[in-house]
Amino acid sequence: MPGQSVTDRLNAGEVLLMDGGMGSELHRRGVNVLKDATEATGLETWTAQANVDAGDVVTQIHQDYLRVGADIIITNSFWTRPTVLRRSGLEDRWEEYATAAARNAVTARDAMAPEAYVAGGMAPPNLQRRFGTETSDYLVSPLPEGNNPPDVDIMGRDRFHGEFADESRLLAREGADVMLPEYMGRIADCVESVDACAEAGKPVWLGVRHVADDGAMHYGESLADLAAALEGHPVDAILVMCSNPPATTAALHILRDAFDGVIGAYPNIGYNPTGPLRDNPLLTNQEEAKGQDILQTGSYPPSRLAEYAAEWKEMGAQIIGGCCASGPEHIMAMRPIVKGA
Amino acid sequence: MPSLSITDRLNAGAPLLMDGGTGSELHRRGANVLVDTTAETGQQAWSATANIEFADVVQQVHQDYMRVGAEVIISNNFWTIPYRLATIGLEDRWEDYARAAMRNAVKARDAQNPDAYVAAGIAPPGAGNDAPDVRSLGDEYRKQYADHAKLCAEEGADVILPEYVGYIADCIAAVDACAEAGLPVWLGVRHINAEDASMQYRESLADLGAALNGHPVDAVLLMCSNPQAITTGLKVLIPAFDGVVGAYPNLGYAPLAQLYEPTMLSNQLPADGSDFIQLGEYSPSRTAEFVKDWLDMGARIVGGCCASGPEHIMAMRAVM
């Protein structure tokens, strides 16, 4: 357990190095992250089950990131919530998967770098991508208007809030140092998840996904509006994540001026998770995939990503790491830039 | 321990899938493979010390390769040899490192896939001066290979693989010495030149095939060369050698890139910048296309060398 709180270190002006991708690295090492996934269904529960079925590999990846110098690792609890696990009929086991995710991270931290921090990462179920196909008593009825309603509107406030609050408490109890609702796409989901995660009594950081090249949020909302909406809500940092590096730069420019708290970034550099299942997919970093390779990091070798990290640090970012498709080699290359050693 | 000997398994038909790079993957995961290395000294003992200092990571890399389907893993004995360990003052401990390498591989095999095979991969010392090691070192070269092979056999190797060998004279001496351990011997030949399919020092693979006649070697594998070079090399080797042929390419590893501006990658393509892994066009799917070509040409053992990772072996498996 770290001697100094992560908030104190950020307040002192320190820049912290986060880890790189977990799901893509599990995929690369042969862990089945496509259980029940088909071209029609998409990712289903993705990495959630790996916490139990391949807990040793999850722990090893955490350790690899700590070995190359990460100050912060993110628990593999991305999709260990009931609404997501329901897709594989495992809804009742969410606590088991979430607990395993926390323990894999804490075990790795304690073994490899006791001064490192564990961030409890939690993504929304991303129901809007399945809008119109999901039929369940989990969803409010009637379905809300609009093309891409926020998850909080589809699930209803109580259920959305409750899942984030319950999992935050669980992760905090298991030793997470900070809560990280991440991969958020809509402002309404951001605000609700931050409020819910704060109930665990830990600092909250927010990860915002898929920003566009002009810095707009996934569904066209503005990061300036996001910052305004978060005023008075318990969030210490906003991180631009799962977006390609140039888009991340554009977003940080907006965020730096609009948000009073800490800013940071962890980009997706080209993970194509369902590549093996179908042709001509889109990458999750919103670039077009070429072929079926799961990793397409072409333009973003470690040295190039380190240049971006230098730019983001110059802009004032204080938390820098990698998301999908980045590996230990990228974090290793960013380390001398981010930490100055 | 596998129920079928590796030779019987090979004779039974289906090609064998080997693992990918271990040294580059250890490098990637933050294990120190550059102990005492400077731009002037070069790689010194490279991944040898990782067998003890980062034994858990070595085992995990082996297990990852078996998880994606490798049937043969190469123990990390590449440079656990007195000559290389002497560069960092550990010559007297070569047996400790060599045993640790074998135990890491056997332990990983037993845990992940008891039917997989362990090939004891042993590189020559690389004494330099553009001459065969066996000429520079004489009987010491043969003795180091024979001692190392016997140690690996004691520790449970299924096959001995003298690899990264550059000269014909070194190839012959290495297979003879390794055969003393009583296990099958495969030979890994490095740095094939793409333009004329010659060996690193311009010797001919056809001459190698002829020279190996009557020597105890079951398979010749072209390795640590870029994929194009392997394709041209196999065309020469296959008609010249009676035994099994195979290939495991280097896709672009620049181990010293962090230390200086490298001019060449170890796969003999020009390096570009400071990244130690530079795959360029050799994505898993592209590498799998090469593997398919090699299998069509008659190769029976395929895998990857430096800079290839589990994602490449996973993609190769799909075409086998």
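Two strands count as paired here if DSSP finds at least two bridges between them, and the strands themselves are DSSP runs of E with at least two residues, while helices are runs of H or I with at least four, both numbered from the N terminus. This is a predicted model, so to speak of local features a pLDDT of at least 70 is needed, side-chain atom pairs count only at pLDDT 80 or more, and totals for chains, interfaces and linings use all residues. Residues are numbered from 1 along each chain as its sequence is written, and chains are lettered from A and ligands numbered from 1 in the order in which they are written.

Let's start with the pairing in chain A. Leu17(A) has Ile320(A), in β8(A), as its bridge partner. Two bridges link β1(A) with β8 (residues 319-320) of chain A, and these two strands run parallel. They belong to an open sheet of five strands, ordered β1-β8-β7-β6-β5 (chain A), with parallel pairing. At the edges sit β1 (16-17) and β5 (205-208) of chain A; each has a single partner strand, so one side of each has no neighbour in the sheet.

Stepping back to the whole chain, chain A carries 13 helices and eight strands.

As for the two chains together, 19 residues of chain A are in contact with 18 residues of chain B, contact being C-beta atoms, placed from the backbone, within 7 Å. On the chain A side, α4 (55-67), α12 (302-314) and α13 (328-339) each supply at least two of the residues that touch chain B.

Over in chain B, Arg300(B) lies in the loop between α12 (284-297) and β8 (301-302). Arg300(B) counts as partly exposed because it has 19 C-beta neighbours inside 10 Å. Leaving out residues up to four places away in sequence, Arg300(B) touches Leu10(B), Pro15(B), Leu16(B), Val244(B), Val245(B) and Gly246(B).

How values were computed: A residue is buried if 20 or more other C-beta atoms lie within 10 Å of its own, exposed if 12 or fewer, and partly exposed in between; C-beta atoms are placed from the backbone.
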